[in-house]
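Dear colleague,

I am handing over the structure below, and I would be glad if you could look it over before reading my notes.

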Amino acid sequence: MSDSAQTVVTVTLNPAIDQTASIPNFTAGAVNRVESASTEPGGKGVNVASFLADLGHASLATGLLGSDNAEPFQTLFERKGIADRFVRVPGATRVNVKIVDPARDEVTDVNFPGLDAGQAVYEELLTRIEALSHEHRWFVCAGSVPRGLPAGVYRELLEQLRGADARIVLDTSGAPLREAIAAAPFAIKPNIEELQELVGRTLDGEAAILGAARDLLAQGVGCVVVSMGERGAYFVEPGDCLHAQARAPRVLSTVGAGDAMVAGWVAGRLRGLDPQGCARLATACSVGTLGQPGLKLPPQQELERIGEGVAVRAVA
Ligand SMILES: Nc1ncnc2c1ncn2[C@@H]1O[C@H](COP(=O)(O)OP(=O)(O)OP(=O)(O)O)[C@@H](O)[C@H]1O
Ligand SMILES: [Mg+2]
């Protein structure tokens, strides 16, 4: 298979810059001194591309990026060897400011509005992704949809790529997920809350969760991965139904566990692993990132060790 067929295209429509400032005894209405600060570019598709790079897989990141503050993303892409094919949009990518107060153990969030994508941007995005589908096969579309784009944007993308030999993995929620189901994505990875919202009912216990996943297979979804935090995840596809779980050795940050799971699952498929192998690698990546500061996977050896500790069982 050619290199470009192995390169994963990640689509992030609504990226964000996370700015964290540590301020002991933060006080509203006063001058506050920042003790330490960090700026992290993120967004679910960007995170998946970053985890794929850690796994040694090539990726290409597209989506919408504000031209006013693209630098942190460009730095990340250069550092990780991720090809940057984002459509630049006038204005700034949304910034989420987190004020961490270590003295009172409190976090204050200040979320700036994001881009407002208009029709011209939408059309440019569709054209860009269509062009990428001539050379690439694997697409991961992840995250929410910004203002100005229709909730059916993922469905539209799926329909647009239907003629191509594309494999589209979708990790989103709410209306964009519901609409996209009709266009039969290759795989989806809702967490349990997102799955309950999608099917409109509470899913108590294994039988109810598997029933909901199988209904989605009947509607044409290729594989349903249902993640449940510390309770592990189900991997359901025609002919295979697995549960995988591992104990987290330590939890430094739960941010991006779902994105690491998506990256690990796609990497497993690219490596030609069987469903058990994909579930094991996906789980190892998700658990591995919990023990790392920020959006990182542990070193290869540690990842393998975590993988050996993943309990994978077939479920009826
Ligand atoms: N506390 C934990 N202990 C063990 N494994 C965990 C824990 N939290 C997350 N995981 C692993 O990470 C996977 C994904 O976590 P989760 O279900 O929270 O994803 P998510 O809600 O999609 O997260 P994200 O915020 O990244 O979108 C789980 O299926 C599990 O394998
Ligand atoms: Mg998620």
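What follows describes the chain as a whole and then a group of aromatic rings.

This is a predicted model, in which local features need pLDDT of at least 70 and side-chain atom pairs count only at pLDDT 80 or more, while totals for chains, interfaces and linings use all residues. Residues are numbered from 1 along each chain as its sequence is written, chains are lettered from A and ligands numbered from 1 in the order in which they are written, and side-chain values use heavy atoms, with hydrogens and water left out.

The protein chain holds eleven helices and 15 strands, these being DSSP runs (helices H or I of at least four residues, strands E of at least two) numbered from the N terminus. Of its 316 residues, 51% are buried, where buried means under 20% relative accessible area with a 1.4 Å probe, protein chains only. The C-alpha atoms fill a box of roughly 60 × 45 × 40 Å along the principal axes.

Across the whole structure, four aromatic pairs were found, a pair being rings of Phe, Tyr and Trp (its six-membered ring) with centres within 6.5 Å, called stacked under 30 degrees, edge-to-face over 60 and tilted for the rest. Phenylalanine 73 and phenylalanine 77 have ring centres 6.4 Å apart and planes at 45 degrees, so this pair is tilted. The rings of phenylalanine 77 and phenylalanine 86, with centres 5.8 Å apart and planes at 10 degrees, are therefore stacked. Phe73, Phe77 and Phe86 form one aromatic cluster; phenylalanine 73 and phenylalanine 77 are both buried, and phenylalanine 86 is buried too.

Terms used:
Buried means under 20% relative accessible area, exposed over 50%, partly exposed in between (1.4 Å probe, protein chains only).
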